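Visitor: Could you take me through the strands of this protein and how they are arranged?

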Amino acid sequence: MNKEDITQDQSQTDVNEEVTETEEVVVEEVESTTEEPLTEEQQRISELETKLEEASQKNLRLQADYDNFRRRSREEQAASLKYKSQSLLEQLLPALDNFERALKTEATNEQTKTLIQGMEMVYRQLADALKQEGLTEIPSVGQTFDPNLHQAVMQVEDSEAESNTVIEELQKGYMLKDRVIRPAMVKVNA
């Protein structure tokens with residue numbers, strides 16, 4: 001190589017180095033200027049993603065609350081329908097008790113027997129209608145005393161019966177489906 005070629009090569013190398021240095025500076029400047037907007041954009045994206053996640057969670061909670069409300073409303077409505085006749089039945093129970101007392105009287109003449117037969121028919125119709133609504137008698141005599149079903153009004157000592165057993169029923173108790181609407185009044189053995 002001659003001197004000119006070496007000088008040209010060196011100047012070419014110097015130019016290449018300058019271009020490389022210039023490129024590096026430009027790349028650094030571009031990176032520094034693009035990092036800031038990207039960081040701001042990324043920050044904005046991150047904020048929006050956070051807000052979206054919060055909104056999604058809030059939406060899920062609201063949906064769950066609404067589903068729970070609907071379920072509770074259906075359950076309350078079903079319970080309301082199930083026990084809709086409770087107040088009417090409670091009002092009819094004293095009349096049913098009076099029918100039973102009247103039917104226990106003994107007939108002395110033919111006219112009284114006919115009247116009692118008519119009352120028995122009316123009583124059976126009434127009892128059947130109440131049974132169709134879900135009214136059932138609470139079993140008492142001979143049963144173990146249950147404070148959920150029985151109301152003890154007397155306590156007696158009877159050596160023939162077991163302790164805590166119902167000896168006598170003073171007033172019938174009734175249930176409407178699975179709910180006690182009137183506990184049975186009973187005598188309990190001590």
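Guide: One definition comes before the pairs of residues: two strands count as paired if DSSP finds at least two bridges between them. Please keep in mind that this is a predicted model.

Visitor: Which residue in β6 stands opposite Q151?
Guide: Strand β2 is joined to strand β6, residues 184-189, by 6 bridges, and these two strands run parallel. Within β6, the residue that stands opposite Q151 is M185.

Visitor: Which strands stand at the edges of the sheet with mixed pairing?
Guide: This open sheet has 3 strands in the order β2-β6-β3, and its neighbouring strands are turned by 30° against each other on average, direction ignored. Two of the strands have a single partner strand each, so one side of each is left without a neighbour in the sheet, and these edge strands are β2 (150-156) and β3 (166-171).

Visitor: Is L170 buried, partly exposed or exposed?
Guide: L170 is found in strand β3 and, together with V153 and M154, makes a nonpolar surface patch of about 250 Å². Partly exposed covers the range between the buried limit, under 20% relative accessible area, and the exposed limit, over 50%. Because its relative accessibility is 42%, L170 counts as partly exposed.

Visitor: At about what angle to β5 does helix α2 run?
Guide: A second open sheet, with antiparallel pairing, has 3 strands in the order β1-β4-β5, and its edge strands are β1 (135-137) and β5 (179-182). Helix α2, residues 86-103, lies across β1, β4 and β5, and its angle to β5 is about 50°.

Notes:
Residues numbered from 1 in each chain as written. Predicted model: local features only at pLDDT ≥ 70, side-chain atom pairs only at ≥ 80, totals over all residues. Heavy atoms only, no water. Helix = DSSP H or I, 4+ residues; strand = E, 2+ residues; numbered from the N terminus. Axes fitted to C-alpha atoms, helices over the stretch in contact; angles between N-to-C directions. Patch = residues over 30% accessible without salt bridge, like charges linked within 9 Å, V, L, I, M, F, W, Y side chains within 5 Å. Areas by Shrake-Rupley, 256 points an atom, 1.4 Å probe, with all protein chains shown as cover. Salt bridge = Lys/Arg side-chain N within 4 Å of Asp/Glu carboxyl O. Buried < 20%, exposed > 50% of the residue type's maximum accessible area, 1.4 Å probe, protein only. Contact = heavy atoms within 4.5 Å.
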